[in-house]
Amino acid sequence: MKKLVLTIAIALISVGTYAQSIFDKYESNPDVAFISVSPKMFKMLGSIGIETDDPEAQEFISLVNSITNFKVITTDNGAISKDITSWVSKHVRSTDLEELMRVRDGDSNVKFYVKEGKDDNHVKELVMFVTGFDQANVNINGKKLETVLLSLSGDIDLRQVGKLTDQMDLPGGKQLKKANKNK
């Protein structure tokens, strides 16, 4: 009986380690650029109470207030890119994410996955996965990119996400704007 309990405990620990978020795994890796904005930071941004007559600024503030989690990793390391690709595939299946769209632009591929929200324009989770930059010579801050993975969660208005990715100068924002125009 003790062996059975020990075997089950080891199996559960292994599954927990295996299911580790790719963001957690590479957070401290020097070959990966990592950004994570916590829910507390979004609450702080929302509580600033900026008064503006600019409609774009109001839309941006509204989007920021609706996001509870924002993470991005980028890398030019081929082995890490393969690991990220494998994780995305498993994550999409295990969390029932639905493919929103995919775009091939030259050698780069952009895929958007979503978890449905309160209506057709809102999602609970958005994952943007971009690969193939190695042939396109895309550089950010002097670093050549091969893979970008972005994850947003909250009550996300898809019509506004493209604007956020453009503001942060992240690849894929233009493709997401096109997807929303076609909806």
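Biologist: How many bridges join strand β5 to β8, and which way do the two run?
Modeller: Nine bridges join β5 (residues 122-131) to β8, and the two run antiparallel. Strands are DSSP runs of E, at least two residues, numbered from the N terminus, and two strands pair if DSSP finds at least two bridges between them. This is a predicted model, where local features need pLDDT of at least 70 and side-chain atom pairs count only at pLDDT 80 or more, while totals for chains, interfaces and linings use all residues. Residues are numbered from 1 along each chain as its sequence is written, and side-chain values use heavy atoms, with hydrogens and water left out.

Biologist: Which residue in β8 is the bridge partner of Val-127?
Modeller: Ser-151.

Biologist: And what joins β8 to β2?
Modeller: Eight bridges, again with an antiparallel run; β8 spans residues 147-157. Phe-70 stands opposite Leu-152 in β8.

Biologist: What's the strand order in the open sheet?
Modeller: Six strands, in the order β1-β2-β8-β5-β4-β3, with antiparallel pairing. β1 and β3 (98-105) each have a single partner strand, so one side of each has no neighbour in the sheet.

Biologist: Is β2 mostly covered or mostly exposed?
Modeller: Mostly covered: seven of the nine residues in β2 (residues 67-75) are buried. Buried means under 20% relative accessible area, with a 1.4 Å probe and protein chains only. β2 also pairs with β1 (residues 32-37) in the antiparallel sense over six bridges, and Ile-35 stands opposite Val-72 in β2.

Biologist: Switching topic: which residues touch the most other members in the largest nonpolar core?
Modeller: That core has 18 residues, and Phe-70, Phe-112, Val-123, Leu-126, Met-128, Leu-150 and Leu-152 touch the most other members. A nonpolar core is a set of buried Ala, Val, Leu, Ile, Met, Phe, Trp, Tyr and Cys residues joined through side-chain atoms within 4.5 Å. The elements giving two or more residues to this core are β2, β4, β5 and β8. There's also a second, separate core of 15 residues, including Val-88 and Val-127.

Biologist: What about His-122, buried or exposed?
Modeller: Buried, with a relative accessible area of 12%. His-122 is in strand β5.

Biologist: Which side chain does the His-122 side chain make a polar contact with?
Modeller: The side chain of Asp-119, at 2.8 Å. A polar contact is a pair of N or O atoms within 3.5 Å; within protein, one must be able to donate a hydrogen and the other to accept it, and residues adjacent in sequence count only if both atoms are side-chain atoms.

Definitions and conventions:
Buried < 20%, exposed > 50% of the residue type's maximum accessible area, 1.4 Å probe, protein only. Helix = DSSP H or I, 4+ residues; strand = E, 2+ residues; numbered from the N terminus.
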